[in-house]
Amino acid sequence: MAHKPDDLLSRLIKDVDETGAFLPITIIVNGLLITGEVAPRKAWLKHNAEQLETPTMNRFARAFEREHDHVAPEEQHIHMSGAKAIYGQTMLPNSGGAFRVPVSEVSGWTLGEMRTVEGGMHK
């Protein structure tokens, strides 16, 4: 369910894009908790293009490379690095992933990453 994008979150995303810094964050999307780091848009695109640089996937990598050169107001999306969806005491994927979520789908957020520990979750 789309929400009015949070202005502060949009400004933080813009600052991450402009500075190239990564920002630890936990967001709620459709009731699902996702934790990781806000990544600069260009770093997120480059990472995904590199993951697809194989003979059979190269054509898909080019889509990310073309988007890299496209200038857009990217406060519309939150790009996450090392992102994990939290389901109960389980985090998926274990190693984290490169997520992209429309800011309008974020219903709540907090700075910092969540992690699971024996006996419960901690920030």
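## A charge over a ring

The charged end of Arg59 lies over the ring of Phe60, 5.6 Å from the ring centre. Such a placement requires NZ of Lys or CZ of Arg within 6 Å of the ring centre and within 35 degrees of the ring normal. Aromatic pairs number zero. To pair, rings of Phe, Tyr and Trp (its six-membered ring) need centres within 6.5 Å; planes under 30 degrees apart would be stacked, over 60 edge-to-face, and the rest tilted.

## Basis of the model

This is a predicted model, in which local features need pLDDT of at least 70 and side-chain atom pairs count only at pLDDT 80 or more, while totals for chains, interfaces and linings use all residues. Residues are numbered from 1 along each chain as its sequence is written, and side-chain values use heavy atoms, with hydrogens and water left out.

## Overall layout

The protein chain has three helices and seven strands. Helices (H or I, at least four residues) and strands (E, at least two) are DSSP runs, numbered from the N terminus. From that end, the order of elements is α-β-β-α-α-β-β-β-β-β.

Of the 123 residues in the protein chain, 33% are buried. Buried means under 20% relative accessible area, exposed means over 50%, and partly exposed lies in between (1.4 Å probe, protein chains only). The protein chain exposes about 7,400 Å², and carbon and sulfur atoms supply 55% of that area. These areas come from the Shrake-Rupley method with a 1.4 Å probe; for residues, only the protein chains shown count as cover.

Contacts in the protein chain also reach along the sequence. Among those with a separation of 6 or more, 61% involve residues 24 or more positions apart. A contact here means heavy atoms within 4.5 Å.

## Strand pairing

Strand β3 (residues 77–87) pairs with two strands described here, β2 and β4. Two strands pair if DSSP finds at least two bridges between them. Strand β2 (residues 32–38) runs antiparallel to β3, and five bridges join them. Leu33 faces Ile86 of β3.

Strand β4 (residues 90–102) is also antiparallel to β3, with eight bridges between the two. His77 has Pro102 in β4 as its bridge partner. Met80 stands opposite Phe99 of β4. β3 and β4 form a hairpin, with two residues between them. Gly88 lies in the turn and has a positive phi of about 65 degrees.

## Backbone exceptions

Most residues other than glycine have a negative phi, and most peptide bonds are trans. Asn30 is not a glycine, yet its phi is positive, at about 50 degrees. Asn30 sits in the loop between β1 (23–29) and β2. Its relative accessible area is 58%, so Asn30 counts as exposed.

The peptide bond from Leu92 to Pro93 is cis, with omega near -15 degrees. Pro93 belongs to strand β4.

## Salt bridges

There are two salt bridges. Each needs a side-chain nitrogen of Lys or Arg within 4 Å of a carboxyl oxygen of Asp or Glu. One joins the side chains of Lys4 and Asp7, at 3.7 Å from N to O. Lys4 is exposed, at 65% relative accessible area. Asp7 is partly exposed, at 47%.

Another joins the side chains of Glu50 and Lys46, at 3.8 Å from N to O. Glu50 and Lys46 are four residues apart in helix α2 (residues 41–51), so about one helical turn separates them. Glu50 is partly exposed, with 41% relative accessibility.

## Separated in sequence

Ala43 also lies in helix α2. Ala43 is partly exposed, at 32% relative accessibility. Ala43 and Gly20 are 23 residues apart along the chain, and their C-alpha atoms are separated by 8.1 Å.

Glu113 sits in the loop between β5 (106–111) and β6 (115–117). Glu113 is partly exposed, at 34% relative accessibility.
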